[in-house]
Amino acid sequence: MWKGISIAISLLVIGGCASNAHPPVTSNDAWTSELMESRRWRDSDELDQDYLKLASESLLPVQPAKVKVLGTEQKDAIQSLATKIYLIENAKHTIDMTYYIFADDLAGKATLGALCKAVERGVDVRIMVDSLGSYSLNNGNLKGLMQCEENAGYILDRAGMQTNQKARVQAVIFNALTEGDSRWNHRSHDKLFIVDGFYNEDAYVITGGRNMSLHYYGINSDGKKDLSAFRDIEIMIRPLADAKASESPTRLSEYYFTVLFTKPGNKKLDTWSSYNRDRELLVKAYAQLKSNSEFNQAYSSISSFVKEGYRLSDTKFAHELDNLDADDVVERYSTNKSANANSISGILAKIAYTDTSLKTIKVVSPYLFLQSELLKDEGVIDKDLNTALQWLEQDPDRNIEIITNSVLTSDNFFTQAVIDMHTVPTLIMYDAELKNTWLDDDLTSNELNASFLNSEAWQKAINHPRIKFYQLGKPDSVLLGGDQFYGKLHAKFLIIDDSAFVGTTNLDFRSLLYNNEVGFFLTGDEIISDLNHQFELLKKDSLLWGSEEWISMRNKLREVGGTKGRTSDSQREIYELLESTGLKYQF
């Protein structure tokens, strides 16, 4: 459906920010020299255009590709880390990666250790981390990786022959806090991993919700299984073997990376002294991970996993680059979005409100806020309009299913308060008295009131036949004295009839207004079936919002106490604070 609103563009235009001020070329292969020059860091005074603006205005094409899901179970999490290490070890030419969180733990250090070995055999590496999400006083780990340039190997050309140009490590801090033109509140929430993006036969790109931290990969700092890890999802994409330059999603991803990498306000790291000790720690962590039994179990079959099991799909790359330069983000929300032809939220809105044939929308998001509220605040739509109800009333066969975190599984009690006290009530409660009673901070009038919970109005709302809102976790959780692990929901994907989106956006106000996000829209029966399977796995571990078992889980959590119990007890006050101060827009 989104294919109809896409047109092909010249990808070389987006790559144009790498065409300025060539330094002396050292490679004896012209094609390789041009590629390596395009990958070079640019200071802002070398940029002859606003490439963020250009990348937003240029409507990106639909590209056929091979796609594979890296799923939401604990075994999938370990497999994801094994996949990334394997791809680094087998990269032949280039690696690009950017993560919002790049942790100083075994996963982060081992990944940098693997990158070090890649540089030493001649792979050109660019890495970028967010200055807040990956805050570090001296970025010693990244500088340890940069130390590997001392022993860098020579880059290979397309035929696999050695050139006379050595591999580089270019490490950048996104919107560095020390840079004057940095807009510190606008973050790179990207998670993007690209290997050999310009070489079809060796090219891969991975994106989704997983950051570079042990919490996302199903093992803990002791190397044992972490059954409480984040439940997340990613997709791995490969271009078709005969894909032209304009048809390659990995090449497009690398162009996009270059635009983000050279954004004014970023800072390229330099080393003024030796970081050999840091380098040694990275290599040691890499060896430690490779010797871990849980990791090895996943790694033992990773070669065939990486090469097999792909689904043919049409893909469309999307982002929120417009957020990085946007002003008056609430007051001018729709205007800002209209300036980005490739906006994730913009495309989703167009699909929902222009495709009259749509029947089913399924959403998985850890922090789901309502985009329609921003349009109401801007005055674009009526304050009293229930957009979900309006959409359902247009067709009696339409349905909405949503999975988010619960108070039990959420890692952010502010966003959870918005979900439970605003998002869900807005979607399912059409009775003003019912909604006001639910928001009363006296729990004896709602959650602890049997008459309220058994009332016809409450039962009608929570059992709406066409809007089902589920939350991860059940009363038999280990956190409540049971024996089951439910983890923490961090996956972000939507299934809209026969199309889908997988990426980094949480669909909260921070993703909609401030952060850059990235992902792919997808079509294809098999890949949609795979995503529906992941949806059902999460739903199996979730409860219907407002149900008797859901209420029981919340009551048990309050009895257990702790931070989760206390914030569950005061959700209404938390939401009132966020609403009255406008702080809800920061989450």
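Predicted model: local features only at pLDDT ≥ 70, side-chain atom pairs only at ≥ 80, totals over all residues.
For residues 184–216, the end C-alpha atoms sit 25 Å apart, and the make-up comes out at 0% helix and 30% strand.

Next up is the helix packing. A pair of packed helices is described by two things, the angle between the axes and the distance between them. Take α5 (residues 106–120) and α8 (residues 276–290): their axes are 7 Å apart and the packing angle is about 105°. An angle from 65 to 115 degrees counts as roughly perpendicular, so that is the label for α5 against α8. On the α5 side, the contact involves Leu106, Lys109, Ala110, Leu112, Gly113, Ala114, Cys116, Lys117 and Glu120. Facing them from α8 are Arg279, Leu282, Val283, Ala285, Tyr286, Gln288 and Leu289. Sorted by type, the residues of this α5–α8 contact split into 10 nonpolar, 2 polar and 4 charged.

Helix α24 (571–581) turns up in two further pairings, one with α16 (413–428) and one with α23 (residues 562–569). With α16, the packing angle is about 95° and the axes are 8 Å apart, so α16 and α24 are roughly perpendicular to each other. From α16, the contact draws on Phe413, Phe414, Gln416, Ala417, Val418, Asp420, Met421 and His422. By type, the α16–α24 contact residues come to 8 nonpolar, 3 polar and 2 charged.

As for α23 and α24, their axes come within 5 Å and cross at roughly 70°, which makes α23 roughly perpendicular to α24. Here Thr567, Ser568 and Asp569 of α23 meet Gln571, Glu573 and Ile574 of α24. The breakdown for this contact of α23 with α24 is 1 nonpolar, 3 polar and 2 charged. Within α23, the buried residues are Gly565, Thr567 and Ser568. Their cover includes α16, α22 (548–560) and α24.

Two individual residues round out the picture. Ser134 belongs to the loop between β3 (124–130) and α6 (140–146). Its relative accessibility is 9%, and since buried means under 20%, Ser134 counts as buried. The Ser134 side chain reaches the backbone oxygen of Tyr100 at 2.8 Å. Leaving aside residues up to four places away in sequence, Ser134 touches Tyr99, Tyr100, Ile101, Phe102 and Val129.

Ile155, for its part, is in strand β4 (residues 154–156). With a relative accessible area of 0%, Ile155 is buried too. Setting aside residues up to four places away in sequence, the contacts of Ile155 are Thr32, Met36, Gly122, Asp124, Met161, Gln162, Thr163, Gln165, Lys166 and Ala167. Ile155 and Ser410 are 255 residues apart along the chain, and their C-alpha atoms are separated by 45 Å.

Methods. Residues numbered from 1 in each chain as written. Heavy atoms only, no water. Axes fitted to C-alpha atoms, helices over the stretch in contact; angles between N-to-C directions. Helix = DSSP H or I, 4+ residues; strand = E, 2+ residues; numbered from the N terminus. Parallel < 35°, antiparallel > 145°, perpendicular 65-115°, else oblique. Contact = heavy atoms within 4.5 Å. Nonpolar A, V, L, I, M, F, W, Y, C, P; charged D, E, K, R; others polar. Buried < 20%, exposed > 50% of the residue type's maximum accessible area, 1.4 Å probe, protein only. Polar contact = N/O pair within 3.5 Å; in protein donor to acceptor, adjacent residues only side chain to side chain.
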